[in-house]
Protein chains: 2
Amino acid sequence: MFIIGELINGMYKDIGEAIKKKDKSIIEKCALAQIKSGADALDLNCGPVSKEPIYDIQWLVETVQAVTDKPLALDSSKPKVIESGLKVIKNKAIINSTTADLEKLEILVPLAKQYQTKLIGLTISSKGIPQTKEQRLELAATIVAYCSEGGFAIEDLYLDPIILPVNVAQAQMRDILESIHEFKIISDPSPKTFVGLSNVSQGTKVRSLINRTFITMAAAFRLDAAILDPLDRDLIDALITAELILNKQIYCDSYLEAYRRK
Amino acid sequence: MFIIGELINGMYKDIGEAIKKKDKSIIEKCALAQIKSGADALDLNCGPVSKEPIYDIQWLVETVQAVTDKPLALDSSKPKVIESGLKVIKNKAIINSTTADLEKLEILVPLAKQYQTKLIGLTISSKGIPQTKEQRLELAATIVAYCSEGGFAIEDLYLDPIILPVNVAQAQMRDILESIHEFKIISDPSPKTFVGLSNVSQGTKVRSLINRTFITMAAAFRLDAAILDPLDRDLIDALITAELILNKQIYCDSYLEAYRRK
């Protein structure tokens, strides 16, 4: 599983303040801690505190790529913020994210091609959040078709079924899990699949347990990547064990330690 | 998920000694502790220490049904031991288990009909343990066909794909998981599905984590029942959370406690 660390996000108090004060050390520490715990890439999101996200995203990119060459996910609903980050990025980049709306696809797919980035595509549109597996597949097909026609490599597209919180959308959870599997057969070559994990436990009292149970199931449904909190050790242990069972990590008695030493 | 508690088994030292000494209190305690922790039924296995399993299984049945009316699984590879247990059982019974071999089916399917029990069918035969999903399905179909022709209700049949330890059969794990799902579509009405969970972690160093990760995935593949250690609280928590995500437990903030109070 390709793990994108979610913690460099201005909605968290310490990160929000670091962005405001331009305190590099907080951001650097957060980047390195996530990588040490297993993050393959780092998400960068200026959050709601940022008054100048077009500037702040560049500061985040420059701060983080000074300490790691891991891929960076530029996380904003505003294409201009993403484009601004791309202008200064040297590491590999992930655009997080486009929706299935034409006005987003028209800007972000060409940008992803131009900067040779990966692209996360949310199966959501201005009409709202899909309520059924069929709606998710329809939006996924829209994104895949646009990318295909635009010459963007489908292997670099990460489709997100949009996880809803289990406490408000319990009846949709199996649909969401099955969508992950079905996205893989939309086209050949297959798109990749992705989830924003923490949303599943939003507003619940046992967040870590719900998160790790969902990701374990999602792994069985052929999930390729997720944005999550890599500092949650129980979550990473569950994920490594899921991959062990799915024959994607080699077994040895100390496979958990072996993963962390890699 | 229908949980069969695995702990009343003569291979465990305390249970083996209790069977030898006919010490009812150890058995009673073990029965009640498992039920309190979430077991829907209890497995009874005399184990290798029993010199007279035909007698000992009757003693186990009588001891346990004096303290609970939960279903009891008569667990032996010897049909005569199972038949002996059936002669004294008052609670609902589960035969654990038949293989796909004709000489077993010929005895156990009529017994299951006569005593109106559930029947666990292992997808294994005297030719050995299946190595592929296709072999598992073929053996499952043999058992289903025999039960159908014999007038045994398929809804009362629990098919077991035979879980192998992850440290020796890592490449077969996805096949085993997918078999669970595919067993459900062998016939209409569907047979039920079942696993002996602990085998997956046999010989590994982090047994509980591997057990609960596997059962979480198996739940997503529509597993109906499992024999497991209900005293493993982390395992039961994972199972309840899996069922929450699959919309089989109603969400409330304290859903773990609510399950335990039921």
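How many aromatic pairs does a search of the whole structure find over all chains? The search finds three. The model shown in these views is predicted.

**View 1. Tyr251(A) and Tyr255(A) form an aromatic pair.** The ring centres of Tyr251(A) and Tyr255(A) lie 6.1 Å apart, and their planes make an angle of 40°. Tyr251(A) and Tyr255(A) are buried.

**View 2. Tyr251(B) and Tyr255(B) form an aromatic pair.** This pair is tilted, with 6.1 Å from centre to centre and 40° between the planes. Tyr251(B) is buried, as is Tyr255(B).

**View 3. Lys22(A) places its charged end over the ring of Trp59(A).** The distance from the charged end of Lys22(A) to the centre of the Trp59(A) ring is 5.3 Å.

**View 4. Lys22(B) lies over the face of Trp59(B).** Here Lys22(B) is 5.3 Å from the ring centre of Trp59(B).

**View 5. Chain A is laid on chain B by a turn of 180°.** The shift along the axis is 0.0 Å, and the superposition has an RMSD of 0.0 Å. The two copies are therefore related as by a two-fold rotation axis. In the contact between them, both copies use the same surface: 100% of the contact residues of chain A recur in chain B.

**View 6. Met217(A) comes closest to the rotation axis among the residues of chain A.** The C-alpha of Met217(A) is 2.5 Å from the axis.

Methods. Residues are numbered from 1 along each chain as its sequence is written. Chains are lettered from A and ligands numbered from 1 in the order in which they are written. This is a predicted model: local features need pLDDT of at least 70, side-chain atom pairs count only at pLDDT 80 or more; totals for chains, interfaces and linings use all residues. Side-chain values use heavy atoms; hydrogens and water are left out. Rings of Phe, Tyr and Trp (its six-membered ring) pair if their centres lie within 6.5 Å; planes under 30 degrees apart count as stacked, over 60 as edge-to-face and the rest as tilted. Buried means under 20% relative accessible area, exposed over 50%, partly exposed in between (1.4 Å probe, protein chains only). A charge sits over a ring if NZ of Lys or CZ of Arg is within 6 Å of the ring centre and within 35 degrees of the ring normal. Copies are superposed by least squares on the C-alpha atoms of residues with pLDDT of at least 70 in both. Contact means heavy atoms within 4.5 Å.
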